[in-house]
Amino acid sequence: MTRNQGINNTILELVGETPMVKLQRITKHLKGTYYAKLEAFNPGLSQKDRIALHIVENAEKKGILKKGATIVETTSGNTGYSLAMIGLVKGYKCILAVSDKSSQDKIDLLKTMGAEVHVCPANVPAADPRSYYEVAKTIHRKTKNSVYINQYFNELNIEAHYRTTGPEIWEQTQGKITHLVVASGTGGTISGTGKYLKEQNPNIKVLGVDAIGSVLKKYHETGELDLNEVSPYKIEGLGKNLIPTATDFDVIDIYEKVSDKEAAFAARNIVKKEGIFCGYTCGAVVQATKQYAEQDYFDENSVVVLIFPDHGSRYMNKIYNDSWMKEQGFME
Ligand code: PMP
């Protein structure tokens, strides 16, 4: 571990090596010991710094990205922020194609971080030339010296976590971890981290967290994409309506699905009880852990690591806003 030892040359040297903290109150009534790995301690406030940096540096090594080149991706979320930050430090242009469902706050934040943002209609099919997927591909095709990050279908997403998050957790728990609970979006975090840990100890259980309204759990159980599972939901970054190749389903033992409401209250509870100002999917991970505990997944000897993906500051207008909670019907 080198983080915080002496002077770092750029903020990018602070990516990874995030701290782990014992949960003191919210899991008190559950059997076992519970640790949260706080990915908000990355400089971009989320785990996405790891994959963004790994994919960019890989492209540099391959000679695809040279100074003054362009990074292209299709997200208004944490990956977009990480890429914009990396672009500023390394001198790359960052172009993000985002859906018009993205909040103005998010678009303004990405612009503040120097990204060029293309807002695309959300209500067109993915194959439509106006969709954010197609817009990003076109920008990539037309821009020399550009790299398309393509996080849902890029195996480097898994590799980033295999090389960093997995070894960190193994070292931090001194090999004592018995269960890993992880929110699954692209699946890079759960697959890479889980694969590394299972290689160290095949008895470790990798427990996934999916959203009600997403296809991942059903696909894991049946091997088939069932679009009847799809319905709108509010948690960002969790679950999906397609099958990402950045998920290695063989690494995952089981999934639990969580509701928007329970995940929101779980996040608010983490803040109040632990003093950790955490993002919406941290709530999802804690809620899923409770659901796993109700099914007797853990005993007194369990050492359970929960990955907390990002920081609460990104959700001030959502789960930490009572008016928003009331609008969703979550509060009276
Ligand atoms: N939580 C948040 C807040 C995220 O932004 C993401 C990334 N989509 C995830 C969880 C899931 O991580 P992964 O994509 O590695 O599965």
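## A network of salt bridges

Lys-37, Glu-39, Arg-50 and Glu-168 are joined in a network of salt bridges. A salt bridge here is a side-chain nitrogen of Lys or Arg within 4 Å of a carboxyl oxygen of Asp or Glu. The structure is a predicted model, in which local features need pLDDT of at least 70 and side-chain atom pairs count only at pLDDT 80 or more, while totals for chains, interfaces and linings use all residues. Residues are numbered from 1 along each chain as its sequence is written, and side-chain values use heavy atoms, with hydrogens and water left out.

Helices (H or I, at least four residues) and strands (E, at least two) are DSSP runs, numbered from the N terminus. Arg-50 is buried, with a relative accessible area of 4%, and Glu-39 is buried at 0%. Buried means under 20% relative accessible area, exposed means over 50%, and partly exposed lies in between (1.4 Å probe, protein chains only).

## Other salt bridges

The structure holds 17 salt bridges. One of them joins Glu-236 to Lys-106, with the closest N and O atoms 2.2 Å apart. Glu-236 lies in the loop between helix H8 (216–222) and strand S9 (254–258), and Lys-106 lies in helix H3 (residues 104–112), so the pair ties together parts that are 130 residues apart in sequence. Glu-236 is partly exposed, with a relative accessible area of 25%, and Lys-106 is partly exposed at 22%.

Glu-221 and Lys-217 also form a salt bridge, their closest N and O atoms being 2.9 Å apart. Both residues lie in helix H8, 4 residues apart, which is about one turn of the helix. Lys-217 counts as buried, at 19% relative accessibility.

## The six-stranded sheet

An open sheet of 6 strands has the order S1-S2-S10-S7-S8-S9, with mixed pairing. Strand S1 (20–22) and S9 stand at the edges with a single partner strand each, so one side of each has no neighbour in the sheet. Neighbouring strands of this sheet are turned by 25° against each other on average, direction ignored. Two strands pair if DSSP finds at least two bridges between them. Strands of a sheet pair through backbone hydrogen bonds, either parallel or antiparallel.

S2 and strand S10 (residues 303–308) pair in the parallel sense over 6 bridges, and Tyr-34 has Val-304 in S10 as its bridge partner. Helix H6 (residues 165–172) packs on the sheet, touching S1, S2, strand S7 (179–183) and S10. Contact means heavy atoms within 4.5 Å. The direction of H6 makes about 140° with that of S2; axes are lines fitted to C-alpha atoms, for helices over the stretch in contact, and angles run from 0 to 180 degrees between N-to-C directions.

## Strand S9 and its crossover

Strand S8 (residues 205–211) and S9 run parallel and are joined by 5 bridges. The bridge partner of Asp-210 in S9 is Lys-257. The chain crosses from S8 through H8 to S9 in a right-handed β-α-β crossover. Right-handed means that, with the strands pointing away from the viewer, the path from the first strand over the helix to the second runs clockwise. In S9, 4 of the 5 residues are buried, so this strand is largely enclosed by the rest of the structure.
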